[in-house]
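Dear colleague,

Please find below the sequence and structure that I am handing over to you. My notes on what was found follow directly after them.

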Amino acid sequence: MPTERITFPGHDGSTLAARLDLPDGPVLATALFAHCFTCGKDIQAARRIAGRLAGMGIAVLRFDFTGLGHSGGEFANTSFSSNVQDLIAAAEWLRARNMAPDVLIGHSLGGSAVLKSAPEIEGVKAVVTLGAPFDPGHVTHNFSGALSEIRQKGSADVMLAGRPFTISREFVENVCAEQLAPAISSLRAALLVMHAPRDDTVGIANASDIFLAAKHPKSFVTLDDADHLISRATDAEYAADVIAAWLTRYVDLTSPAKADGPPEGIVRVSEADPDGFLQDVQSGPENHIYADEPKEFGGTNRGLSPYGLLSAGLGACTSMTIRMYARRKGWPLDHVTVDVSHDKVHVRDAQTNQSNRIDAFVRTIALEGQLDDEQRQRLMEIADKCPVHQTLEHGARIETQTRDDERA
């Protein structure tokens, strides 16, 4: 299962850390996953459910709310409303990538947040809650012993799941003031409520209240003896299987028939929009992307520009080459990021004797991991061995020929 590490701005501009789990084949639908209170995107339930759904053709974006996990910002300055705004920001990021969410999935307080945000996210076809409270204020039972201090002093430090958190008076007031019933009744999407009858953190009555507040289509499925965090792998996989099966009623999860594409080893580019610049790019029978131009140049910005694709090729090849070498050496390289910019520069700036302009690619490489200075230096040297780097640096010959087309 391919997983992309991404970031995007949250409700207050803080950088939110996320993972986008992608299917090996075509993306049939996109889901946005919201984690439980003070948890994170990498909690076992989120990872297992996302992985199972990705295996069924559903891309899943899971992220850390502001102030949690690897995301920026201060948890003490957040609230239930800010979580909702972070969800809307995540949906907008997906929409900008042409992957607007079809499904919202929320675990515990994240379930309350997806119920609240769903009416404000255009195009959502289905909403799923897992052990969600009907009253967001229910979360205050986790630190009920500190409520008096919070109200008197404005905040208090509490221990939740073995970690310290600062809970503010504003958070308590905001979460206690929230009412989900209006949002649930105005859902324009199908609803699946999943809850364990023995959940001793969020009682089963919450599932009943959510279900009764919703209009049809709606469904309830029990999680039997699962715990609140859905920590057992079998429970998470069961939940994912049920979600995927239920979604087939509301989201088209049928794999498209394979088109007659170019043979292996051939990249075929054909116009997708004769009135603009959108191009359909196929590499062999399996892989497909779009190329386009930005709107300011007459395109629709639905894909990378030609020079963007060229830069992407250099960046991808660089990252792969570094990873391959580090893997072979057994070095502790955790993650590679390659930023590539392209510009036309005067040849004199490049210290040559020609009189025209040449293409200059600036490549910035970030290596994460417990690498020593010698290992980092060697990996930077290996970056120059990237085959695409070699091609761009040494030049290439292009031959053009005419293909007889029966459709002409």
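**Lining of the second largest pocket**

The residues that line the second largest pocket comprise 7 nonpolar, 6 polar and 2 charged. Here Ala, Val, Leu, Ile, Met, Phe, Trp, Tyr, Cys and Pro count as nonpolar, Asp, Glu, Lys and Arg as charged, and the others, Gly among them, as polar. A pocket is an open set of points on a 1 Å grid over the protein atoms alone, where a 1.4 Å probe fits, with protein on both sides within 12 Å along at least five of seven lines; lining residues have an atom within 4 Å of a point.

Please note that this is a predicted model, in which local features need pLDDT of at least 70 and side-chain atom pairs count only at pLDDT 80 or more, while totals for chains, interfaces and linings use all residues. Residues are numbered from 1 along each chain as its sequence is written, and side-chain values use heavy atoms, with hydrogens and water left out.

The volume of this second largest pocket is about 830 Å³, a volume being the space filled by probe spheres set on the points, with grid points joined across faces, edges and corners. Of its 15 lining residues, those closest to the centre are Glu 4, Ala 312, Gly 315, Ala 316 and Val 338. Strand 1 (3–9), helix 9 (306–329) and strand 14 (333–346) each give two or more residues to the lining, and helix 9 provides the largest share, 6 residues. Helices (H or I, at least four residues) and strands (E, at least two) are DSSP runs, numbered from the N terminus.

**Nonpolar cores**

A nonpolar core is a set of buried Ala, Val, Leu, Ile, Met, Phe, Trp, Tyr and Cys residues joined through side-chain atoms within 4.5 Å. Buried means under 20% relative accessible area, exposed over 50%, and partly exposed in between (1.4 Å probe, protein chains only). The largest core has 56 residues, and Leu 32, Phe 37, Phe 63, Val 127, Phe 143 and Ile 167 have the most contacts inside it. Helix 2 (residues 80–96) gives the most to this core, with 8 residues. A second, separate core of 37 residues includes Cys 39, Leu 130, Ala 236 and Ile 243.

**Aromatic pairs**

The whole structure holds 10 aromatic pairs. Rings of Phe, Tyr and Trp (its six-membered ring) pair if their centres lie within 6.5 Å; planes under 30 degrees apart count as stacked, over 60 as edge-to-face and the rest as tilted. The rings of Phe 8 and Phe 63 have centres 5.5 Å apart and planes at 70°, so this pair is edge-to-face. Phe 8 lies in strand 1 and Phe 63 in strand 4 (residues 58–63), so the pair ties together parts that are 55 residues apart in sequence. Phe 8 is buried at 3% relative accessible area, and Phe 63 is buried at 1%. Phe 63 also forms an edge-to-face pair with Phe 65, at 5.0 Å centre to centre and 75° between the planes. Separately, Phe 37, Phe 75, Phe 143, Phe 165 and Phe 171 form one aromatic cluster.

**Backbone features**

A cis peptide bond, with omega about 5°, joins His 216 and Pro 217. Pro 217 is in the loop between helix 7 (205–213) and strand 10 (218–222). Asn 98, although not a glycine, has a positive phi of about 60°, and it is exposed, at 54% relative accessibility.

With kind regards
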